Structure formats: C-alpha cells, structure tokens
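Biologist: I have a protein chain to look at. Can we go through its pockets, its charged pairs and its core?

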Amino acid sequence: MKDGKNMRKKLIAAMMAGVLSAGMLSTGVFAADTDLKGEVNTFIAASLSNAMEEIQKDFNETYPDVEILYNADSSGTLQTQIEEGARCDIFFSAADKQMNALVDENLAKKDTVEDILENKVVLIKPKDGETKVTGFENITDAANIALAGDSVPVGQYAREIFDNLGITDEVNKMEINEGKNVSEVLAAVSEGSNEIGIVYATDAASVADKVDVIAEAPADALKTPVRYPVGLIEDKEASEDDTAAAEAFLEYIKSDDAMKVFEKYGFTAYKVDDISETDDKDAETTEETDDTETNAETETTEEAK
C-alpha cells in the first residue's frame with residue numbers, strides 16, 4: 001500500500017509540474033517568477049515620463065513586490081549623475097550619445113543596450129497663439145523661443161537643425177528661454193511664456209489641448225536619428241533581488257506589451273532592418289562613386305599617355 005501511495009504522489013507531482021509549465025508558456029516569460037522582488041532605480045529621459053508611468057503600473061500587476069524608482073530628467077543630466085556615482089540600474093536615454101559615453105566608461109553593460117524607440121522633433125506654439133513662424137526655416141521671425149540646453153538631446157537636435165539650415169547665428173541673437181530639459185520647454189510654450197519652442201512630437205501630443213504643432217523638422221536638416229536606447233547600468237550596491245528585478249523590468253520594457261504603450265504616446269518602434277537597408281544602399285552608392293572615380297582616373301591617365 002505504501003508503494004501505491006508513493007506512486008500516486010509522484011504521479012500527482014508530475015501532473016502539477018506539467019500544469020505549471022503550461023501556465024508559464026501560456027502567460028509568457030514575465031509570469032514565470034511571481035516571487036520577484038527588489039528595488040529598481042530607473043533613469044529615464046523626461047520625454048518618456050508618461051509612457052513609463054503606465055508601463056510601471058502594468059509591470060507591477062505581475063510583480064507587485066518590485067519597486068520601480070524613476071528619475072526623469074534630460075539624458076545629459078542623467079548621464080552626469082551616473083558618472084558621479086548615483087545609484088542606477090536601468091538608463092533609458094533620448095539619444096545614443098549619452099548611452100555610448102556610459103558604455104565607453106564601462107558604466108553601462110554594452111551587451112544589454114538596445115535602441116528600441118524613435119521620435120520626431122517638432123516646432124510648437126501655444127494653442128491658437130499668434131506667430132509669423134511657419135516652419136524651422138523662418139524661426140527668427142518669432143520674438144522669442146523656448147529651447148533646451150545644448151547638453152539635452154532635443155537641444156542638440158535643434159542646434160543640428162539650425163546648423164544645417166545655416167541660421168545658427170541668427171537664432172543665437174534671439175531672446176532664448178533655455179530649459180534644462182524638454183519638460184521645461186514644453187511648459188514654457190504651453191503656458192504662453194514663449195512664442196515658439198522645440199520639443200519632441202510625443203511631448204506636443206501629451207498637451208495637444210495647449211499647444212499646436214507648426215512643423216516637423218525637415219529630413220535634410222536633421223540627419224541624426226532620434227533614437228532611444230535602453231540598457232542596464234553597473235550598480236555595485238544592488239542586491240541579487242535588485243539585479244534580478246532590473247533584468248526582468250528591462251525585458252518588459254522591450255516587450256510587445258510595453259511597445260503598445262509607447263506607441264499610444266506617439267513613439268514608434270525602432271526597426272534595425274530599415275536602417276540596415278539604408279546603410280546598404282549608402283554603401284552601394286559609395287562603392288559606385290568610388291568605381292566611377294577610379295574609372296575616370298584611369299581614363300585620364302590613358303589620355304595623358
């Protein structure tokens with residue numbers, strides 16, 4: 001009888017294991033470890049704030065014992081804080097420049113870093129506000145402008161646009177209200193403190209009842225892609241629970257469920273294949289140009305002979 005009971009126990013245990021395995025497969029990787037706990041210090045670009053708040057709530061429905069602590073500011077400010085030793089487990093930047101710097105300094109874990117989002121740079125004015133400005137080309141027709149600092153990605157993108165349009169000197173003569181991050185620029189325009197301002201499309205969409213979009217940045221004026229990379233940061237103070245929680249949250253940020261939230265707030269998914277195809281075409285064009293130049297040089301040499 002004892003052997004019979006043991007056999008039944010083993011059979012029940014095997015059946016339960018099968019049920020658990022099936023449950024894990026049906027609910028996805030994020031339901032595999034409901035005992036996850038810990039504290040995750042997450043540094044995010046200010047433009048991500050609204051989307052990330054919703055993503056945190058969704059994540060905590062599965063992992064209620066994981067505490068996500070956000071620090072939202074300009075990517076340049078966040079980079080400096082990390083370099084100065086601030087505790088950070090995940091960095092979500094609004095540009096590759098800041099993330100690449102942390103990778104080079106061995107502060108960001110290179111194998112975890114990935115570009116996942118794209119955004120657009122737009123010119124805005126207060127809702128129904130009066131301005132002669134019709135696009136980036138005639139920005140200087142405005143009496144003043146709200147602009148993020150040059151350490152802030154959106155401020156860097158704006159200055160690249162000015163340089164490529166050849167209007168940098170004229171813009172610098174304007175009355176500029178310089179914000180420490182994109183949120184300050186958005187507030188200055190939405191409150192009517194400035195005639196125009198430059199922010200991300202997602203920021204403008206978040207207060208569509210307070211600002212109007214005048215124009216998107218011309219493609220030939222902004223050649224640097226507006227990409228958002230995310231990755232793990234070396235946190236020597238993190239416990240094993242904290243590290244496991246950070247890894248799980250990073251994977252969730254990259255998930256399809258999170259992407260739906262990002263898209264709801266106006267972001268688009270970064271597609272590596274599209275960029276690769278563009279790079280391939282550029283490479284082919286370069287090769288063709290090189291071949292043409294080589295052939296021309298050969299013909300010139302032959303003629304000289």
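Modeller: The largest pocket is lined by 17 residues, and those nearest its centre are Glu 118, Asn 119, Lys 120, Leu 222 and Val 226. A pocket here is an open set of points on a 1 Å grid over the protein atoms alone, where a 1.4 Å probe fits, with protein on both sides within 12 Å along at least five of seven lines; lining residues have an atom within 4 Å of a point. This is a predicted model: local features need pLDDT of at least 70, side-chain atom pairs count only at pLDDT 80 or more, and totals for chains, interfaces and linings use all residues. Residues are numbered from 1 along each chain as its sequence is written, and side-chain values use heavy atoms, leaving out hydrogens and water.

Biologist: How much space lies in the largest pocket?

Modeller: Grid points are joined across faces, edges and corners, and a volume is the space filled by probe spheres set on the points. For the largest pocket, that space is about 490 Å³.

Biologist: By class, what does the lining of the largest pocket have?

Modeller: Ala, Val, Leu, Ile, Met, Phe, Trp, Tyr, Cys and Pro count as nonpolar, Asp, Glu, Lys and Arg as charged, and the others, Gly among them, as polar. The lining splits into 5 charged, 4 polar and 8 nonpolar residues.

Biologist: What volume has the second largest pocket?

Modeller: Its lining includes Ile 82, Arg 87, Cys 88 and Asp 235. By class, that lining has 5 nonpolar, 2 polar and 5 charged residues. The volume of the second largest pocket is about 150 Å³.

Biologist: Which residues are linked with Arg 87 in a network of salt bridges?

Modeller: A salt bridge is a side-chain nitrogen of Lys or Arg within 4 Å of a carboxyl oxygen of Asp or Glu. The whole structure has 10 salt bridges. In this network, Arg 87 is joined with Asp 235 and Asp 242.

Biologist: Why does the salt bridge of Asp 96 and Arg 227 tie together parts that are apart in sequence?

Modeller: The two side chains meet at 3.2 Å, N to O. Asp 96 lies in helix 4 (residues 96-104) and Arg 227 in strand 10 (residues 227-232), so the parts they tie together are 131 residues apart in sequence. Helices (H or I, at least four residues) and strands (E, at least two) are DSSP runs, numbered from the N terminus.

Biologist: Is Arg 227 buried or exposed?

Modeller: Buried means under 20% relative accessible area, exposed over 50%, and partly exposed in between (1.4 Å probe, protein chains only). Arg 227 has 15% relative accessibility, so Arg 227 counts as buried.
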